[in-house]
Amino acid sequence: MTTARLTARTFDALCGVDLEQVYLQGKEEVLRGRAFRILLAHADTVPKLEQLAFEGEPGLEGWTTEELLEISNRFRLLSSPENEIRLYRQCHDDVFRAAARVREFYILALNRTGRPAEAIQGALAIIAAGGHNALIWGMLGESYSALMIFAEQLDAALQSADTGHSSTLTSIDPLLANRLQSYFPELGVDDLSPALATKLRQENLLAADRIFRQGFRETGTSFCGLGWMLRTIDRLIDLTAAFNQVYQYVSMQASPVAGDAARLRAAAEALDACERELDAQADLVAIALELQGGSESLDYWTHAGTVQLTVIRANSSTVLQSNLVRAN
């Protein structure tokens, strides 16, 4: 297969050129396209596609932009995000790397392979360049959510172990320690403590909540709205725990202590405000789902979103069952 980069012709470009050369170029393009389709059809497994994409004689430099797009799509269909990342990073085709959809799927692949810190950098770069959309906002929110969940795992591991002064995360949970750089590259295992893990969880919960909220306000899509709701539920759980802690402390006092009533009232007000916010979110997301087609939509994700909203709202099993039927 030739490695030449063939360019499209316009009517203006055809003036004064050799039409025989144009014909031959078009013929070569057709033959190349057919040959590529045959090769791609035979690369029906990840190892075969890896060999085709990376190990052929011309290497990545031998593929056109359109062919790189097809290869990337095929890696995605074969559920190989690692190779999507490899293709994006190793190829030198600036047009391919600058394509909006390619950059978006690259960030998605980073999230899928447990590299949210890199995904955040990529998503923020796209947003800074003005290329943000619902998918970017949603993926950025998912990245911060992944950091939040990982911080929860760190906290649980550190809390359940007697770390002392000589133990580190490496000795407590080597798997978590190996993943640390993909989530918090600025930290070392010796820096961790339960207090820091709790702080990281709270910071990234608030960041994910803020990103999903902003994404929903800018795009009005259920993807961001449902993410916003899930993070609000996390905040509601935290506020419930905080209220119970204050209530138990106050209840145990033999006599009233100055400020206890005010603290209890403040905790109750914060909890009520979060509950009202969650109710309002449910109404907004329901509207978003209707604008996306509602029960008549042909999009799987609209029906999946309806199922998720039904579960969050704790609707009856009959309503949930009817939504599950549409999602299938």
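Is Phe150 buried or exposed, and what is its relative accessible area?

Author: Happy to! A word on the basis: this is a predicted model, in which local features need pLDDT of at least 70 and side-chain atom pairs count only at pLDDT 80 or more, while totals for chains, interfaces and linings use all residues. Residues are numbered from 1 along each chain as its sequence is written, and side-chain values use heavy atoms, with hydrogens and water left out.

Phe150 is buried, with a relative accessible area of 1%; buried means under 20%, exposed over 50% and partly exposed in between, using a 1.4 Å probe and protein chains only. Now to its partners. The structure holds seven aromatic pairs, where rings of Phe, Tyr and Trp (its six-membered ring) pair if their centres lie within 6.5 Å, and planes under 30 degrees apart count as stacked, over 60 as edge-to-face and the rest as tilted. One of these pairs joins Phe150 and Tyr183, which are stacked at 4.2 Å centre to centre with 10° between the planes. Phe150 belongs to helix α9 (residues 134–159) and Tyr183 to helix α11 (residues 174–183), so this pair ties together parts that are 33 residues apart in sequence. Helices here are DSSP runs (H or I, at least four residues), numbered from the N terminus. Tyr183 is buried too, at a relative accessible area of 9%.

Phe150 has a further ring partner in Phe184: the centres are 6.2 Å apart and the planes stand at 40°, so this pair is tilted. Phe184 sits in the loop between α11 and α12 (194–219), 34 residues from Phe150 in helix α9. Both Phe150 and Phe184 are buried. Through these ring pairs, Phe150, Tyr183 and Phe184 form a cluster.

By class, the contact of α9 with α12 has 17 nonpolar, nine polar and five charged residues. Here Ala, Val, Leu, Ile, Met, Phe, Trp, Tyr, Cys and Pro count as nonpolar, Asp, Glu, Lys and Arg as charged, and the others, Gly among them, as polar.

Technical notes:
Helices (H or I, at least four residues) and strands (E, at least two) are DSSP runs, numbered from the N terminus.
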